[in-house]
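Hi,

Here's the model I said I'd pass on.

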Amino acid sequence: NERGDRVRRFELQVRDQDREDEPWRTIYTGTTIGGSFHATFPATTARFVRLNLLETTDGPDIYEFQLY
């Protein structure tokens with residue numbers, strides 16, 4: 001059982017400013033994340049990115065997070 005299988009639902013979110021009044025924009029939603037997970041989504045420009053874990057079965061271990 002991969003550690004990434006602990007994630008059941010997640011969102012990849014972005015925003016341009018570090019202000020509380022600017023909401024995060026969801027650019028990708030998914031279910032499981034594993035060692036071979038790759039996602040493709042439309043090009044976007046942002047200053048901040050976050051991986052928002054919405055549902056997990058246990059404390060997931062995120063070792064690496066890359067964006068290109």
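Let's start with Arg9: its relative accessibility is 40%, which puts it in the partly exposed class. That class sits between buried (under 20% relative accessible area) and exposed (over 50%), using a 1.4 Å probe and protein chains only.

A word on the ground rules. This is a predicted model, so to speak of local features I needed pLDDT of at least 70, and side-chain atom pairs count only at pLDDT 80 or more, while totals for chains, interfaces and linings use all residues. Residues are numbered from 1 along each chain as its sequence is written, and side-chain values use heavy atoms, with hydrogens and water left out.

**Salt bridges**

In general, side chains of opposite charge can pair when their charged atoms come close. My rule asks for a side-chain nitrogen of Lys or Arg within 4 Å of a carboxyl oxygen of Asp or Glu, and three salt bridges come out of it.

Arg9 is in one of them: its partner is Glu55, with 3.5 Å between the closest N and O atoms. Since Arg9 belongs to strand 1 (residues 7–15) and Glu55 to strand 3, this pair ties together parts that are 46 residues apart in sequence. Glu55, at 38% relative accessibility, is partly exposed.

Another salt bridge joins Arg15 and Asp18, at 3.7 Å from N to O.

Strands here are DSSP runs of E with at least two residues, numbered from the N terminus, and two of them pair if DSSP finds at least two bridges between them. What order do the three strands take in the sheet? They run 2-1-3 in an open sheet with antiparallel pairing. Strand 2 and strand 3 are at the edges with a single partner strand each, so one side of each has no neighbour in the sheet. On average, neighbouring strands are turned by 20° against each other, direction ignored; the axes behind that angle are lines fitted to C-alpha atoms, and angles between N-to-C directions run from 0 to 180 degrees.

Strand 1 and strand 3 pair in the antiparallel sense over eight bridges. As for a bridge partner in strand 3, Glu11 has Asn52.

**Aromatics**

You'd describe a pair of aromatic rings by the distance of the centres and the angle of the planes. I counted rings of Phe, Tyr and Trp (its six-membered ring) as paired if their centres lie within 6.5 Å, with planes under 30 degrees apart called stacked, over 60 edge-to-face and the rest tilted. That gives four aromatic pairs.

Phe10 and Tyr28 make a tilted one, 6.1 Å centre to centre with 35° between the planes. It links distant parts of the chain, with Phe10 in strand 1 and Tyr28 in strand 2, 18 residues apart. Phe10 is buried at 3% relative accessibility, while Tyr28 is partly exposed at 22%. Phe10 also pairs with Phe37: the centres are 5.7 Å apart and the planes are at 85°, so this one is edge-to-face. It too links distant parts, as Phe37 lies 27 residues away in the loop between strand 2 and strand 3. Phe37 is partly exposed, at 32% relative accessibility. Together, Phe10, Tyr28, Phe37 and Phe41 form one aromatic cluster.

**Loop and surface**

Gly34 is in the loop between strand 2 (25–30) and strand 3, and is partly exposed at 28% relative accessibility. Its C-alpha atom is 8.8 Å from that of Val7, a residue 27 positions away along the chain.

Leu67 lies in the segment after strand 3 (48–56) and is partly exposed, at 42% relative accessible area.

Cheers

Notes
Helices (H or I, at least four residues) and strands (E, at least two) are DSSP runs, numbered from the N terminus.
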